[in-house]
Amino acid sequence: MTELRGVGVGRGVAHGPVVRMAEPLPAPENSPSDLDPEAERARVREAVSTVAAELQQRADAAGGSSQEVLEAQAMIAEDPSLQEEVDARIDQGAGAEWAVHDAFAGFRATLEAVGGYLGERAADLDDIAQRVLAHLRGVDAPGIPDPGHPFVLVARDLAPADTALLDLEQVLALITTDGGPTSHTAILAREKGIVALVGAASAGELSTGQVVIVDAAAGTVTTDPSAEQIERARQRAADRDAARSAPPTAGALADGTPIALLANLGKPADAADAVAEGAEGVGLFRTEFLFLSSAQAPTIAEQRTAYTELLTAFPAQKVVVRMLDAGADKPLAFLNDAHEENPALGLRGLRSLRASEDILREQLTALAEADAATAADLWVMAPMVTTVEETAYFTGLAREYGLKTAGVMVEVPASALLADRVLAHADFASIGTNDLTQYTMAADRLLGSVAGFQDPWHPAVLRLVGEVGTAGARAEKPVGICGEAAADPLLAVVLVGLGATSLSMAPAALADIRLALTERTLDETRRLAEIALAADDAAGARSAVAEAAASLPSHQKETTS
Ligand code: PEP
Ligand code: MG
C-alpha cells in the first residue's frame, strides 16, 4: 500500500479500479503508401462506420444534452464530403491514417473559418479523428474510457467538454496529475459533485486495474488498500450520502453561530438547483454570463425579465446581483472591446461600467423594476472596486434608483486594505477570492504556468480577508465570500474564523460546506485562522490547518465524512 497526495475537491471518498485515460495519439507520418488504395479506402470506411455506431450507442445511453452532442458527432463522422476528401488523398498515394488525419484537419479549418455554431463544432472533429485513427491502429480510443464497469478515472487533465459529459454512474472518482484547485476541471467536478483529486503529480504511476481509495477530504490516493481500509471508506461514503440526503438546514457552526449558505448562479434557470440544495439565497449572480455572446448592450426589458425570473425563485430571501463584470476572462464586446496588453489590469469591472454609465444606469433601472415586482430581498454590488471613491460612486448611484442595499466586491488588495473606509460607504462587502488571489499573488488566473501561485490558502490572501472581516465586524456590516475558496470545506472554516458572515458557492458544494461548519465552533474557526495566518505559504497553511483540525474534538455524534 502507498499513499499519493493531491488537492482534494470537496470531501467525498470513493474506491474502485483505476482506468487511465489514453494520451492523444501521435500524428501519423506523411510517407507515400504502397498499400492497395481500394483496401485502404475500405479500411477507412469500416473504421468510420464503427466509430459512428459507437458514438450513436453512447448517445442513446447518455440522454439529455449529451445525447445531442454525441448524435451530431456520429453524423459528422459519416459526412459524405469528409469521406470524399479522405478518398482523394488515398487516390493520390496517401495511406489510410495520413488521409484521415489530413482530411479531418482540412475540414476543421473550414468549419473554424465559417465560425458561429459550425465553428464551435470544430473541436469535435479532433475527437472523431482520434477515434477513427485509434480504430485503424487497433488501439484504445483516447477520451473518457468506457470499460463497461464503474471506475476511478486517472487523467493528465480533462477538457471541460469531457468533464461535463462524465457519466456519474460509471466514474466513481477523478484523479488528475495536472491542474490546481481553481482549474476548470476542479470547478466542474465540484459543480457535478464528483469525488476528485487534482494536481496529484505522482498519479501518473497508477496503472489500469489497480484498486485505489480516493479521499478528497484528506487529499490522498491509497493504492492497493486492505479489505479493512476499503470497508472504512465504504462506511464513510455511506455516512456522507446519508448526511447529504437529509433535508438541508440553514448554515451554522457547532455552537449555533449562523453562517448563511448562498448560491453562485449564472442564469435564472439554475435557481432550482440552488433551492434543491438548500441555498438560503444567492450570494453572487454573475449577470455578465447572460450576455457573453451579445454584440449589443442588453435592453432594460430583456434584463428585467431575467432578473424578475431570478428574484421570483427566492421569495423573501437575499439575492445579491453583481453588475456586469466585463474584461479579461469575460469580454463583453459592448462594454470594452479595445485591445489591452494586460486586460486583467485594464478597463474591467466597475471601471468599464463607469466608462459606459448609460449601460450601468440601464442595469440599475432593470433591477429596480424587477425588485418592485417581486418579494426577494435584492442586494446589488459592483465588481472589481479598487478605491473608496469608486465605492461611494456606485453605492450613491444604486440608491438613486431606490435600491436599498448596495455593496462592493473586494477583489483587489487596495480595497481590502482600506476595507474600513470602503465599508463607511457600502452596506456590505463580498470578497471575490479568485480575483483577490490573482491580484495579491500577481498571477494571471488563466495562466497554467503560474497556477501554483493562484492559491487562496496563501497567508497573504488570508491576511487581506482578515482585514475585511475585522472592518466588517467593527462596522457591523456583513462580509460574504463568493470565490471558489468558499467551496473548500477546510478553507471555508478558516474564512469564517477571519470574519466571513456568509459563504456563497456552486450549489453542488453546499452540502459539504454545511457539514464542515457544523463540526467547528466560532472559537475553533478563529484558532484555525490564526494557524493559517502564521504559515509561510499556501501549502504550509493548508497542512497546518488540516493537522490542527484533525486533533480538535468532534462536535458531531458520528463523523460523517
Ligand atoms: C472572484 O473573483 O472570486 C469572483 C467571485 O468573481 P469571478 O470569479 O466571477 O471573477
Ligand atoms: Mg472576480
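A residue counts as buried under 20% relative accessible area, as exposed over 50%, and as partly exposed in between. The close-up views below all come from a predicted model.

**Figure 1. Arg-234 and Glu-231 form a salt bridge.** The closest N and O atoms of the two residues are 3.3 Å apart. Both residues belong to helix α9, and because they are three residues apart, about one helical turn separates them. An α-helix has 3.6 residues a turn, so residues three or four places apart point the same way. Arg-234 has a relative accessible area of 46%, so it is partly exposed. Glu-231, at 40%, is partly exposed as well.

Figure 2. Glu-357 is partly exposed, with a relative accessible area of 27%. Arg-361 also counts as partly exposed, at 25%.

**Figure 3. Six residues are linked in a network of salt bridges.** The members are Glu-288, Arg-322, Asp-325, Arg-348, Asp-435 and Arg-445. The count for the model comes to 27 salt bridges.

**Figure 4. Helix α19 is largely enclosed by the rest of the structure.** The helix covers residues 489–497, and eight of its nine residues are buried, which means that the rest of the structure encloses most of it. Among the buried residues are Pro-489, Leu-491, Ala-492 and Gly-497. What do the buried residues of α19 pack against? Their partners are the helices α18 (459–475), α20 (510–518), α21 (522–533) and α22 (538–550), together with the strands β15 (479–481) and β16 (502–505).

**Figure 5. Asp-488 lies at the start of α19, and Gly-499 comes just after the helix.** A side-chain oxygen of Asp-488 reaches to within 3.0 Å of the backbone nitrogen of Leu-490. Beyond the other end, Gly-499 takes a positive phi of about 120°.

Conventions:
Residues are numbered from 1 along each chain as its sequence is written. Chains are lettered from A and ligands numbered from 1 in the order in which they are written. This is a predicted model: local features need pLDDT of at least 70, side-chain atom pairs count only at pLDDT 80 or more; totals for chains, interfaces and linings use all residues. Side-chain values use heavy atoms; hydrogens and water are left out. Buried means under 20% relative accessible area, exposed over 50%, partly exposed in between (1.4 Å probe, protein chains only). Helices (H or I, at least four residues) and strands (E, at least two) are DSSP runs, numbered from the N terminus. Contact means heavy atoms within 4.5 Å. A polar contact is a pair of N or O atoms within 3.5 Å; within protein, one must be able to donate a hydrogen and the other to accept it, and residues adjacent in sequence count only if both atoms are side-chain atoms. A salt bridge is a side-chain nitrogen of Lys or Arg within 4 Å of a carboxyl oxygen of Asp or Glu.
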